[in-house]
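Q: I would like to go through this model with you, one topic at a time. Could you take my questions as they come?

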Amino acid sequence: MISRHRACGPLLDLDDVRARLNLHEQVDRGFQVVPVSAVIGTGGRCCDFDRCFHPLKHALRERTRAVKRRFRDGAFPPIDVVQVGDAYFVLDGHHRIAVALELGVEAIDAHVVALATEYSLTPETSEEDLGLVAAERSFREGSGLAAARPRVRIRVGSEAGYRELLVALKSHGYDLSRATERYVEPETVAAHWLDCVYTPLAASARA
């Protein structure tokens, strides 16, 4: 069964992901075939299923068994999902996903609405990973780096690491403003810090 290979912690919550990554723009992708293993979250039912889509309440287990009896051949009606990166969040079809995993079905028909994002979510993304992605977004937008160098990514291993980088960058901005005796825009500070401080240090560390 596919579920044996999944970490059965809590499902990721779509509203939480929207808020952390500041996701608003969406596009209807129509009907597609999506990998069952890439469905890692839910729209509002975190307390009803775990990440392996085991139902957590007796009534839900009964409903799941009924769905299994009805669609034992795996020919499920399409589910409704929201796509973020390479991961999916189910809005309607939780029981069908549960049965698909139990039967070993690898893909399922779905109506897909995609949320635009420049950050990477994958079928392996955990709650901890999501925290790092959110911390990266906060650092990039709070520092001005997202505007100055939108394609640049700086990877660190902890949320605290991003907070420390933001402090260092803002301190650099203070020093730069004092040296030039004028206010320096955050985007300019971010670009100067990246080119004159971070990149040389990173190169030196790699060497």
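This is a predicted model: local features need pLDDT of at least 70, side-chain atom pairs count only at pLDDT 80 or more; totals for chains, interfaces and linings use all residues.

Q: How many residues of α3 are buried?
A: Eight of the 10 residues in α3 are buried, so the helix is mostly covered. They are His 94, His 95, Arg 96, Ile 97, Ala 98, Val 99, Ala 100 and Leu 101.

Q: What do the buried residues pack against?
A: The buried residues of α3 pack against the strands β3, β4, β5 and β6 (107-115), and against α2 (58-70).

Q: Let us take His 94. Where is it found, and is it buried or exposed?
A: His 94 belongs to helix α3, which spans residues 94-103. Its relative accessibility is 2%, and because buried means under 20%, His 94 counts as buried.

Q: Which residues is His 94 in contact with, leaving aside neighbours within four places in sequence?
A: With those neighbours left aside, His 94 is in contact with Thr 42, Arg 45, Phe 49 and Phe 53.

Q: And which backbone oxygen lies 3.5 Å from a polar atom of the His 94 side chain?
A: That of Val 90.

Q: In what sense do β1 and β3 pair?
A: β1 (residues 12-13) and β3 (residues 39-42) pair in the parallel sense, over two bridges. Thr 42 of β3 is the bridge partner of Asp 13.

Q: What about β3 and β5, and which residue of β5 is the bridge partner of Thr 42?
A: β3 also pairs with β5 (residues 87-92) in the parallel sense, here over three bridges. The partner of Thr 42 in β5 is Val 90.

Q: How many bridges join β4 to β5, and do the two run parallel or antiparallel?
A: Five bridges join β4 (residues 79-84) to β5, and the two strands run antiparallel. Val 81 has Val 90 of β5 as its bridge partner. Val 90 is therefore a bridge partner of both Thr 42 and Val 81.

Q: A change of topic: how are α4 and α6 placed?
A: The axes of α4 (residues 127-143) and α6 (residues 159-180) come within 9 Å and cross at roughly 10 degrees. Because angles under 35 degrees count as roughly parallel, α4 is roughly parallel to α6.

Q: Which residues make the contact?
A: From α4, the contact is made by Gly 131, Leu 132, Ala 135, Glu 136, Phe 139, Gly 142 and Ser 143. From α6, it is made by Glu 159, Tyr 162, Leu 165, Leu 166, Leu 169 and Lys 170. These residues divide into seven nonpolar, three polar and three charged.

Q: Where is His 172, and is it buried or exposed?
A: His 172 is in helix α6. With a relative accessibility of 15%, His 172 counts as buried.

Q: Which side chain does that of His 172 join in a polar contact?
A: The side chain of His 192, at 2.8 Å. Leaving aside neighbours within four places in sequence, His 172 is in contact with Val 189, His 192, Trp 193 and Val 197.

Key
Residues are numbered from 1 along each chain as its sequence is written. Side-chain values use heavy atoms; hydrogens and water are left out. Axes are lines fitted to C-alpha atoms, for helices over the stretch in contact, and angles run from 0 to 180 degrees between N-to-C directions. Helices (H or I, at least four residues) and strands (E, at least two) are DSSP runs, numbered from the N terminus. Angles under 35 degrees count as roughly parallel, over 145 as roughly antiparallel, 65 to 115 as roughly perpendicular and the rest as oblique. Contact means heavy atoms within 4.5 Å. Ala, Val, Leu, Ile, Met, Phe, Trp, Tyr, Cys and Pro count as nonpolar, Asp, Glu, Lys and Arg as charged, and the others, Gly among them, as polar. Buried means under 20% relative accessible area, exposed over 50%, partly exposed in between (1.4 Å probe, protein chains only). A polar contact is a pair of N or O atoms within 3.5 Å; within protein, one must be able to donate a hydrogen and the other to accept it, and residues adjacent in sequence count only if both atoms are side-chain atoms.
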